[in-house]
Amino acid sequence: MPGRNLLAGFAALVLVALSATPAAAERRLAFAVAGVVEAVMVRPGQKVAKGAELAKLDLRPLAAAARAAAAELKAAQLELEFATANMGRVKQLYDDLSTSKEELERATLRLARAEAGKETAAAADELARWQLERGTLVAPVAGVIQAITGYIGLVVDPAQRFTPVVVMK
């Protein structure tokens, strides 16, 4: 929605990056997707490497959505293949003067709808996979965990107020 603060409601980990400078940057890390915190794998004072898993949401709803999106994409691909083959048949019939222009136009419309359906399903599949990947919060840089402000069972939602989970430096 326009104007919505995209950071609102994220459970966050705050990370302070390891750096040669005395005042390393503090980072407030947050989940980009809604869910329930299932695990926090770090503790205050712990050094973490770039890419280390810090916290994880319950991935079951996100995985289920990804499976459903993949199934919809497969069905849309089959519908597109059918519509393409049907368009070829109807075009041949039209060229042979064995069907009407109206039937050719209907086949053209079915093909266009199938193409749009496949594109829509592909976008939904990509989004579902992206969301599943964001269900695990990873350290963007090496650093030291400063605080754990979240907890197992915390409900996070990007549409709500910012709720830190871990502070890292």
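Start by selecting Glu102, Glu103 and Arg106: these three are linked in a network of salt bridges. You're looking at a predicted model. Zoom in on one pair, Arg106 and Glu103, whose side chains meet in a salt bridge at 2.5 Å, N to O. The two sit three residues apart in helix α2, so about one helical turn separates them. Colour by accessibility and Arg106 comes out partly exposed at 39%, while Glu103 is partly exposed at 28%.

Now widen the selection to the whole of α2, residues 101-133. That's 33 residues, reaching 48 Å from first C-alpha to last, close to the 48 Å expected at 1.5 Å a residue. Which residues of α2 are buried? Pick out Leu104, Ala107, Leu111, Ala114, Ala121, Asp125 and Ala128. Among the things covering them is α1, residues 60-95.

So hop over to α1 next. This helix has 36 residues and spans 52 Å between its first and last C-alpha, close to the 52 Å expected at 1.5 Å a residue. Its buried residues are Leu62, Ala66, Ala69, Ala76, Leu80, Ala83, Asn86, Met87 and Val90, and what covers them includes α2.

While you're on α1, select Lys91 and Asp95. Their side chains form a salt bridge at 3.4 Å, N to O, and the two lie four residues apart in the helix, about one turn. Lys91 is partly exposed at 40% relative accessible area, as is Asp95 at 44%. Following α1, click on Leu97: its phi is positive, near 60°.

Four strands make an open sheet in the order β6-β5-β3-β8, with antiparallel pairing. The edges are β6 (136-138) and β8 (155-156), each pairing on one side only. Inside, β3 (35-40) and β5 (53-57) pair over three bridges; to see a bridge, select Ala39 and its partner in β5, Lys56.

Where do the nonpolar side chains gather? Show Phe31, Val37, Val48, Leu54, Leu57 and Val156, which touch the most other members of the largest nonpolar core, a set of 15 residues. Strand β5 gives the most to this core, with three residues. Apart from it lies another core of eight residues, including Leu80, Leu104, Ala107 and Leu111.

For a last stop, select Arg28 and Glu26, whose side chains meet in a salt bridge at 3.6 Å, N to O. Arg28 is partly exposed at 48%, and Glu26 is partly exposed at 47%. The model's salt bridges come to eight.

Terms used:
Residues are numbered from 1 along each chain as its sequence is written. This is a predicted model: local features need pLDDT of at least 70, side-chain atom pairs count only at pLDDT 80 or more; totals for chains, interfaces and linings use all residues. Side-chain values use heavy atoms; hydrogens and water are left out. The expected span of a helix is 1.5 Å times one less than its number of residues. Buried means under 20% relative accessible area, exposed over 50%, partly exposed in between (1.4 Å probe, protein chains only). Contact means heavy atoms within 4.5 Å. Two strands pair if DSSP finds at least two bridges between them. A nonpolar core is a set of buried Ala, Val, Leu, Ile, Met, Phe, Trp, Tyr and Cys residues joined through side-chain atoms within 4.5 Å. A salt bridge is a side-chain nitrogen of Lys or Arg within 4 Å of a carboxyl oxygen of Asp or Glu.
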